[in-house]
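Reader: I have a model open and a few things to ask about it. Can we go through it piece by piece?

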Amino acid sequence: MQNVTLNNGVEMPILGFGVFQIAPEQTEQAVTDALAAGYRLLDTAAAYGNEEAVGRAIKASGIPREELFVTTKLWVQEAPAEENTERAFETSLNKLGLDYLDLYLMHQPYGDVYGQWRAMEALNREGRAKAIGVANFYPDRLLDLVINNEVTPAVNQIETHPFFQRTADQELMREHGVQIQSWGGFAEGKNDLFTNPVLSGISEKHGKSVAQVVLRWLTQRGVVAIPKSVRPERMAENLDVFDFELTDDQMAAIATLETGGSLFFDHHDPAMVNWLSARRLDG
């Protein structure tokens, strides 16, 4: 496994296991299998509804806490945002059965972002969240947060895949010391990713799967990836990406797949802002 060093010195694996859209009743087994395969970065969120299952798998694994890197995410909080952020953090921590988080992310760039961030800064100072960051922040929102706050986000987790590559976003993050992390690295199979001629051709030349090529493309760019699977053999395959390297020509060929926009939803769309901002979590 390769690591990246975050802007506060915390080491983070460049490849981990995500549990988005894994049902709570499947999550414990999936995380158990992922840990057995060798994953040490686990990524969940309050909004996923499966933190408790992740926590059970961690506890049952017997793996020393210091060997794991656990991320969860804060959903949009009502006022008073600072107080409610601290409460949400405690809820997540209790569900996970942990004493601290390695990374706590603000899941959406909405609500009282500044109030939520101040609470997250306090959790970071206390050592209860070793690193703090954001998700789904476009450059303007990210830069505003960086300029006007004490702590620069350590990570920005954004949609990043061969059809939406975020190279300019990554460059801006690099300038400000923010680590880019991908969600949706396989684009959930959209645009026929797994049979794409460019990706398939590269995979044949390396004797690897298209999924492995995509993960190698991400990690070779310095992008942290968190692929999801409920199949142990696929989990193992997704980890096996550090024994080959894409050539400059192959990286350039993948660059031609850029479409210039999200394949899922636009955070600038007023209807999406309304929907995300109105959503509330039970508990």
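Author: What follows goes from the whole chain to single residues.

Author: One note first: this is a predicted model.

Reader: Fine. How many helices and strands are in the chain?

Author: The chain has 11 helices and 10 strands. Its radius of gyration is 18 Å, close to the 19 Å that the globule rule gives for 283 residues, so the chain is as compact as a globular protein of that length.

Reader: And what box do the C-alpha atoms fill?

Author: Roughly 55 × 40 × 35 Å, along the principal axes.

Reader: What share of the residues count as buried?

Author: 55% of the 283 residues. The chain exposes about 12100 Å², and carbon and sulfur atoms supply 49% of that area.

Reader: What about contacts between residues at least 6 apart in sequence?

Author: Of those contacts, 73% join residues at least 24 apart.

Reader: Charges next. How far apart are the mean positions of the positive and negative ones?

Author: They are 3 Å apart, for 24 positive and 40 negative charges.

Reader: Now R166. Is R166 buried or exposed?

Author: R166 has a relative accessible area of 5%, under the 20% cut-off, so R166 counts as buried. Its place is in the loop between strand 8 (155-159) and helix 6 (167-176).

Reader: What does its side chain make a polar contact with?

Author: The side chain of D169, at 3.3 Å. Leaving aside residues up to four places away in sequence, R166 also touches Y138, I158, E159, T160, I180, R221 and E258.

Reader: Switching topic. Where is the cis peptide bond?

Author: It joins A79 and P80, with omega at about -5°. P80 is in the loop between strand 5 (69-74) and helix 3 (81-96).

Reader: Which residues other than glycine have a positive phi?

Author: A187 is one of them, with phi near 55°, and D192 is another, with phi near 55°. Most residues other than glycine have a negative phi.

Reader: Where do A187 and D192 lie?

Author: A187 lies in the loop between strand 9 (179-183) and helix 7 (197-206), and D192 also lies in the loop between strand 9 and helix 7.

Reader: Are they buried or exposed?

Author: A187 is buried, with a relative accessible area of 0%, whereas D192 is exposed, at 56%.

Reader: Last one, I147. Buried or exposed?

Author: I147 is exposed, with a relative accessible area of 58%. I147 is found in helix 5 (residues 139-147).

Conventions:
Residues are numbered from 1 along each chain as its sequence is written. This is a predicted model: local features need pLDDT of at least 70, side-chain atom pairs count only at pLDDT 80 or more; totals for chains, interfaces and linings use all residues. Side-chain values use heavy atoms; hydrogens and water are left out. Helices (H or I, at least four residues) and strands (E, at least two) are DSSP runs, numbered from the N terminus. The radius of gyration is taken over C-alpha atoms; the globule rule is 2.2 Å times the number of residues to the power 0.38. Buried means under 20% relative accessible area, exposed over 50%, partly exposed in between (1.4 Å probe, protein chains only). Contact means heavy atoms within 4.5 Å. Accessible areas come from the Shrake-Rupley method with a 1.4 Å probe; for residues, only the protein chains shown count as cover. Lys and Arg count as positive and Asp and Glu as negative; His and the chain ends are not counted. The place of a charge is taken as NZ of Lys, CZ of Arg, CG of Asp or CD of Glu. A polar contact is a pair of N or O atoms within 3.5 Å; within protein, one must be able to donate a hydrogen and the other to accept it, and residues adjacent in sequence count only if both atoms are side-chain atoms.
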